[in-house]
Amino acid sequence: MSRHSFIAGLIVALLGIGVAPNVAKAQQENSSSEVQVAISAAEKAVQKARADIEKGKEMLALIPEDSPLMPDIAEMVEAAAENWKVAVDSLKGAKESAGKIESAGNPSLAGDYALLAKVNAGVALSGAKIVGMAVAYVEAVATNKTESLDIIRTALRDAVAASSQVQFNYDRVKKLITEKYSK
Amino acid sequence: MNGNSILKAGVLGMASLLFAVHASGADKIAASAILAELSTISVEAQANVVDAAATGNLEAMAEANRRADAVDAAVAAGQAASTAMDRAIEANDQDAADAAEDGVKDALQMAKDGLNGIVPKVSATKAWKASKKNTGGGPADPYDAPNMYDIPSKTKVQQGVAQKSWGTLWSSGAIGSGLESGGFADREATPE
């Protein structure tokens, strides 16, 4: 009986010691590829937002200064400017965190860098999308597509609220990770 | 290496194996990251609504709105599950925390599905039943009688007594259908 326990113990020990690093490595590789996908999507969105801003400038020039929608347009341009800055800064932060994954000392730290990079890429993506939506509003005014203004305005407000939730949760993730390593 | 040390190594190995397969229980950091991802998907869904509105295609707009609604529902479910997880962690209820964490993950999948147009269809019967349910101040008529079968009771006996009393009251009421009812519904026709 005890001999069987010894053998079973030995097998489990070998399995456990052998499998644990492999599982951790697989998890790390998986999260690394997820991060790359998230950063790539954010980069594309930021590039599109950059092109949208140029288009928005041209559209803005077409709108008469005495347009009754000017206060709305000012609000949209402000939202676009704020979110553009957030998108660019967050993309930079996401890339910095992703760069630290490989050099992290242990799988847990690497996983936390990966998580931070992924969430930051999400912040960048949502900021860039809002820029595009604000420019779509300006374009709709410039091209007299007034029937879609209400829809765009409502969608943009919902998106700004959701984007602030992304940033709130990014701050939360960052705080919880900091607390984890300061104990 | 004696028998005891081999056994100890075995236990250690098993522990590391379990740790590798299922690293710790409910994870607040991962849950917050998922909530962030849910909100990002919500922004994407709203951006799709704007894109559809810019085309002026009514069908595309309806579809984009349908998807955005599905994503919003998933976000709400994720936030509710995350709150439940935080409460369970505070109460040291590991099982409830794990279940709530699964709820957060399910919400993420729901949101991804919703963004891709995979929205679960609610059958007409279920939708009708849901619209008729008295939720106590919700969409139903506030003068609707409470449904005894929907009221949670502390014990089965208590529930049985309450339901029987309700049945008796119903059948004797003005619109009840029982023999002792003074009402009009489902009664035998009188000779005249």
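Mentor: Helix 2 of chain B and helix 3 of chain B are roughly antiparallel to each other, and since we shall be reading geometry throughout, keep in mind that this is a predicted model.

Trainee: At what angle do the axes of helix 2 and helix 3 of chain B cross, and within what distance do they come?

Mentor: Two packed helices are described by the angle between their axes together with the distance between those axes. Here the axes of helix 2 (residues 28-55) of chain B and helix 3 (residues 58-90) of chain B cross at roughly 165 degrees and come within 9 Å. Angles over 145 degrees count as roughly antiparallel, and therefore helix 2 of chain B and helix 3 of chain B are assigned to that class. The residues of this contact divide into 17 nonpolar, 7 polar and 3 charged.

Trainee: In which hand does helix 2 of chain B pass helix 3 of chain B?

Mentor: The crossing of helix 2 of chain B with helix 3 of chain B is left-handed.

Trainee: Where is B:N48 found, and is B:N48 buried or partly exposed?

Mentor: B:N48 is found in helix 2 of chain B and, at 33% relative accessibility, counts as partly exposed. The C-alpha atoms of B:N48 and B:A68 are separated by 8.3 Å, although the two residues are 20 residues apart along the chain.

Trainee: Turning to chain A, what pattern does it follow along the sequence, and at what angle do its helix 2 and helix 3 cross?

Mentor: Chain A comes to 4 helices and 0 strands, follows the pattern α-α-α-α, and has 40% of its 183 residues buried. The axes of helix 2 (residues 70-99) of chain A and helix 3 (residues 107-142) of chain A come within 7 Å and cross at roughly 155 degrees, which makes helix 2 of chain A roughly antiparallel to helix 3 of chain A. The contact of helix 2 of chain A with helix 3 of chain A divides into 23 nonpolar, 6 polar and 1 charged residues, and the crossing of these helices is left-handed.

Trainee: What phi do A:N144 and B:N92 have, and where are they found?

Mentor: Most residues other than glycine have a negative phi. A:N144 is not a glycine, yet has a positive phi of about 60 degrees; this residue is found in the loop between helix 3 and helix 4 (149-182) of chain A, and at 60% relative accessibility it counts as exposed. B:N92, also not a glycine, has a positive phi of about 55 degrees and is found in the loop between helix 3 and helix 4 (94-115) of chain B, where B:N92 is exposed, with a relative accessible area of 71%.

How values were computed: Residues are numbered from 1 along each chain as its sequence is written. Chains are lettered from A and ligands numbered from 1 in the order in which they are written. This is a predicted model: local features need pLDDT of at least 70, side-chain atom pairs count only at pLDDT 80 or more; totals for chains, interfaces and linings use all residues. Side-chain values use heavy atoms; hydrogens and water are left out. Axes are lines fitted to C-alpha atoms, for helices over the stretch in contact, and angles run from 0 to 180 degrees between N-to-C directions. Helices (H or I, at least four residues) and strands (E, at least two) are DSSP runs, numbered from the N terminus. Angles under 35 degrees count as roughly parallel, over 145 as roughly antiparallel, 65 to 115 as roughly perpendicular and the rest as oblique. A crossing is left-handed if the near helix is turned anticlockwise from the far one by less than a right angle, and right-handed if clockwise. Ala, Val, Leu, Ile, Met, Phe, Trp, Tyr, Cys and Pro count as nonpolar, Asp, Glu, Lys and Arg as charged, and the others, Gly among them, as polar. Buried means under 20% relative accessible area, exposed over 50%, partly exposed in between (1.4 Å probe, protein chains only).
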